[in-house]
Amino acid sequence: MAKLRKLVTYTDYRWEETEELTPEQLEKWKSGDENLQEEVEDEVEFELSHDKCLEDHGEIELIED
């Protein structure tokens with residue numbers, strides 16, 4: 001009995017966004033201070049905005065028993 005096999009690689013790209021930043025959060029972010037930017041990251045939640053799945057098929061090989 002014989003069958004075919006191929007390797008398929010899926011790559012999923014995700015874009016995630018937050019709700020509108022408050023004026024205070026925006027000021028902290030624009031400051032460029034990494035500690036303040038981390039504070040903003042801890043305060044907000046990221047949600048899926050959109051995604052894209054890419055698919056790549058490898059060569060098909062014959063498998064014989």
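**A tour of charges and patches**

Start by selecting Asp42, which lies in helix α2, residues 34–43. This is a predicted model. Asp42 is exposed, at 68% relative accessible area. Together with Asp42, they form a patch of negative charge on the surface.

Stay in helix α2 and pick Gln37. Is Gln37 buried or exposed? Its relative accessibility is 18%, so Gln37 counts as buried, the cut-off being under 20%. Show its contacts beyond four places in sequence: Gln37 touches Lys28, Trp29 and Gly32.

Next, select Lys28 with Glu39. Their side chains meet in a salt bridge, 3.0 Å from N to O. Glu39 sits in helix α2 and Lys28 in helix α1 (residues 23–30), so the pair ties together parts eleven residues apart in sequence.

Shared partners join Lys28, Glu39 and Glu43 into one network.

How many salt bridges are there in total? The count is three. To see another, select Arg14 and Glu16, whose side chains meet at 2.9 Å, N to O. Arg14 is partly exposed at 46% relative accessibility, and Glu16 is partly exposed at 38%.

Last stop: Ile60, in the loop between β3 (47–57) and β4 (61–64). Ile60 is exposed, with a relative accessible area of 56%. With Ile60, they make a nonpolar surface patch of about 340 Å².

Methods. Residues are numbered from 1 along each chain as its sequence is written. This is a predicted model: local features need pLDDT of at least 70, side-chain atom pairs count only at pLDDT 80 or more; totals for chains, interfaces and linings use all residues. Side-chain values use heavy atoms; hydrogens and water are left out. Patches are made of residues with over 30% relative accessible area and no salt bridge: like charges are joined within 9 Å, nonpolar side chains (Val, Leu, Ile, Met, Phe, Trp, Tyr) within 5 Å. Accessible areas come from the Shrake-Rupley method with a 1.4 Å probe; for residues, only the protein chains shown count as cover. A salt bridge is a side-chain nitrogen of Lys or Arg within 4 Å of a carboxyl oxygen of Asp or Glu. Lys and Arg count as positive and Asp and Glu as negative; His and the chain ends are not counted. The place of a charge is taken as NZ of Lys, CZ of Arg, CG of Asp or CD of Glu. Helices (H or I, at least four residues) and strands (E, at least two) are DSSP runs, numbered from the N terminus. Buried means under 20% relative accessible area, exposed over 50%, partly exposed in between (1.4 Å probe, protein chains only). Contact means heavy atoms within 4.5 Å.
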